[in-house]
Each structure stands twice: as C-alpha cells, then as structure tokens.
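This report describes a single protein chain. The sequence and the model are shown first.

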Amino acid sequence: MKKLLALSAGALLLWQASTAQQKLVADKIIGVVGDKIILKSDMDGALADQQHNSPDGSLKPDAACKTLEMLISQKVMVLQAERDSLPVSDGDVEAQMENRIRYFESMYGSKEKMKEITGYSIYQLRERFRTPIKEGLLAQAMRNKIIEPVKVTPSEVKRFFDAIPKDSLKFYESEMEIGTLVLQPKATREMDQYAIDRLLEFKKRVLNKESDFGSLALLYSEDPGVKDNKGIYVLNRNDKTTYDPEFVAASFRLKEGEISSPVKTQFGYHLIQMVKRSGDNVTVQHIVLRAAVTKSDLAANIAKLDSIRSGILANKYTFSEAVAKYSDAPSAKFDGGMLQSKTGDGSTLITIDQLDDPSEKNIVMMLDTLKPGQISAPVQFTDENGRTSVRIVYLKTRTQPHRENLTDDYSRIQQRTLDIKRAEAINKWLTEKIPTFYVHVDDEYKNCNRISQWMSSLAKQ
C-alpha cells in the first residue's frame, strides 16, 4: 500500500543511526557488557529492521534471542578492540559520519529540508551518529582481525561438499544477470500545469462542499493503493524515511482539516488533507496526479536511448558506464542497473520467477529472444510507481538448470565453506573472551541458547 510513497530500504539507516543513541528514561536496560549497556530500544530497532527486510514481514520465533546475542557479541568486540587499541581514529569516524550526512542531505535536497523532516540539525545528527558509528567501526575492525587468518583449501571445500547428502544438493534453475538502463520522459510545463489546475479544482470542490475528498481520491488519484485505503496514510515523526520527504514535510505543516496546495514529489503532484493530529502521529488523505507524458516526449527518449544503445554496441562505453552516465533510475548509482536477487543475499543472479513485478513483464517476454551479451531495442514500460518510462535490457549471463556441483558452483560452495569456518572462529573467540568481561543479561533472556552457555562459562570463573 505504501509503494507509491516509499523510499529505498537503505534510507532506514538514518532512523537506525539517529535512534541508536536516544536513551529515553522509560527505556529498559536488558544487558550490560563491561561499561556498555544494551537497551530494549536497541533490540526493538534491530528487530524492526529485520522485519522490514523479511520477504513476508515476519520474524522467526528465536529472533529476540538471536538479536540480543548479536548485540552482546558486538559490545564484546568493541571492548576488546579498545583493549587491543585497534586503529579506528576520530578521523575515520568523522569521515564516515560526513559521508552518511551528505547522503541524507542529497536525499532530502538540502540541510534545511533534512532538518525539517528529521527534526535534527546537522550538529545534532553528528552527535547522534558519532557513538554508533565509532562502535560499529571498532566491532568491524575486531571481527576482521578474527577472521582475517581464516582460509579454506580446495580439499576443505571438497570435504564440505562431499558431506552434503546427494538428495539435499541444491537445484538451480536457469539463472540470469539482467541489467536495465532507464530513461524517464519529463512532462512539459503545460502538462505539469494541467495536473496542478486539476488538483486546485478538486480542492475548490471540497471546500465548497460540492464533493467529498475521499470520493475524489477514489475516482481520480493515481496512488496504486487508493482502492484499499482511499488515499489515507498515518505518518509518524519518527518514521521519517518510509515516505517521500516532500510529502511528509507538507503533511506536518497542515492544521487539522486543512487542505494543502498542490505538492510536487518524485511521484507526481499531491493534494493533501489533514484528517487528524495525535501527538507525533498525523492521519492524512491525499490525491496524486502525474503530469501526462506526450507521444513526442516518449519518441524523443526512445531515440536518445537507441543512440545510447548504439554507443554501447560500438564499444564507446560499457553498459555499466552508460548506466552511470545516462540512467534516470534512482537505484542506478547503487546497483549499476543490474536487477538484484530477491533472496536478500545481494546477488545479481536471478531466476525468471523473481521477475514477478508488473513492471518487469516485458523483460520476461524478451528473454526468449535475447542471448547472453545482447541488448534489446528500447521499449516503453510502466514502472512500479505508475510512471511511463523507456528502457533497454541487457542479458549479461544465463546458466542452464542443474544440480549443484563443484564444477559449475565452486565459488558458491567455497563461500559457504568459508562462511562456516569464519562463524566457527568467531564463536570460539567469543567463548574465550566473554568470560573476561562483566556481562549481565535480563532474566527474560537467560534461557536463550548461546546466552545460557555464555552465562554458564562466566559462572565458572
């Protein structure tokens, strides 16, 4: 329901970092490691992030235990890194802090807009970022020190693979690496003004009691979720990265019952009505219209894209270089135009069943004719936010369906072997190091498997 207004999941980093140091009086201490505390809010934030990234929005039954184990492990690594004087300088912290602030400043458009949306000045954000960033760098440095010596030999990889029951070997469907270069035609000023004028007419009709806002939303709004929620959303001041910042800023400026002037966001022009305020929560209802793109606008973009494709085929630049230079897709700067696997492992290898978004239907139809290394002609499509765009599709690689084997899948098997060996090294290190620190855990979590083992080893000291 929130797809129209949602930003990338990566934007949740701002919420995580900015809340990590908000130690409210009512918060509960659930763990102490040395001189460092773990709050219930720390766990709640980590669980919320896991739930957000879960394919079905659910958490495993042992999620709380696993999360507290992770938080304890991180604190131990931070403390040991401090003991070992691992090289994490104030300059390292400041550099990462500035990079993060610049990222969010660019996302919001300006320092002023960022403060308006987040509620924090640059100075306040720096103060809130500093400790979690430094602890994160220290923990990472310690983890790297632990796993750096860990290597796997080909014989270890083979032993790991041979130990897998033959009927448990993974079966891989045909997998592909697919890239897209997207251009989004810009509407003319006349079409922009037409959308604005329509919204102003809707506002006039509501104010004159000629029409109901909700009825107009159902009839005219281009929000994909309007049929389910009539354009109604509940916003929270602390939920600052789920929605478009311009939309949030305009919503919180309204008084109860007030209707905004047309507000421009990356998704179109919005008319927003404040339904109710309740503390840091507001309920708003909106109508969104997109300025229509004309046939001549589309034709111009198709011609431009065809020229870009010709440049790639003539080896003037690579596909990734063309994406970096020309693509209008917001994610292009992060993924290089390559579609990402929906398994959440960061892989660019995808199966055809993962192309299940309506905006990807015409990609599926192209795959029968595209061979690895080929690039399609420009095609028109409707993106996930309902905008008319054009793109070319690049089929980088395609594998044949097969059962996992050492010839075709050695790198995958090697990585799994290495991951297991690294995890064993970290677990062994934690078992040895935790008894050297004071650790206290809230009674609610003492029966968690690994925490119980750790507390037993502490009791023997």
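The sections below treat the basis of the model, the chain as a whole, aromatic and charge–ring contacts, and backbone angles.

## Basis of the model

The model is predicted; local features need pLDDT of at least 70 and side-chain atom pairs count only at pLDDT 80 or more, while totals for chains, interfaces and linings use all residues. Residues are numbered from 1 along each chain as its sequence is written, and side-chain values use heavy atoms, with hydrogens and water left out.

## Overall architecture

The chain contains 17 helices and 13 strands. These elements are DSSP runs numbered from the N terminus: helices are H or I with at least four residues, strands E with at least two. Along its principal axes, the C-alpha trace spans about 75 × 60 × 45 Å. Among contacts with a separation of 6 or more, 68% join residues 24 or more positions apart, a contact being heavy atoms within 4.5 Å.

## Surface and charge

Of the 461 residues, 42% count as buried (buried is under 20% relative accessible area, exposed over 50%, partly exposed in between; 1.4 Å probe, protein chains only). The accessible surface comes to about 24,800 Å², and 52% of this belongs to carbon and sulfur atoms; areas come from the Shrake-Rupley method with a 1.4 Å probe.

The chain carries 66 positive and 63 negative charges, whose mean positions are 1 Å apart. Lys and Arg count as positive and Asp and Glu as negative, without His and the chain ends; the charges are placed at NZ of Lys, CZ of Arg, CG of Asp or CD of Glu.

## Aromatic and charge–ring contacts

A search of the whole structure finds 3 aromatic pairs. One of them, Phe202 with Tyr220, is stacked, at 4.9 Å centre to centre and 25° between the planes (Phe, Tyr and Trp rings, the six-membered one for Trp, pair with centres within 6.5 Å; planes under 30 degrees apart are stacked, over 60 edge-to-face, the rest tilted). The pair links helix α8 (residues 189-207), which holds Phe202, to helix α9 (residues 213-220), which holds Tyr220, across 18 residues. Phe202 is buried at 4% relative accessibility, whereas Tyr220 is partly exposed at 30%.

Arg391 lies over the face of Phe381, 3.7 Å from the ring centre, and Arg412 over that of Tyr172, at 4.1 Å. The criterion is NZ of Lys or CZ of Arg within 6 Å of the ring centre and within 35 degrees of the ring normal.

## Positive phi angles

Most residues other than glycine have a negative phi.

Asn315 has a positive phi of about 65°. Asn315 is placed in the loop between α12 (295-313) and α13 (319-326) and counts as exposed at 69% relative accessibility.
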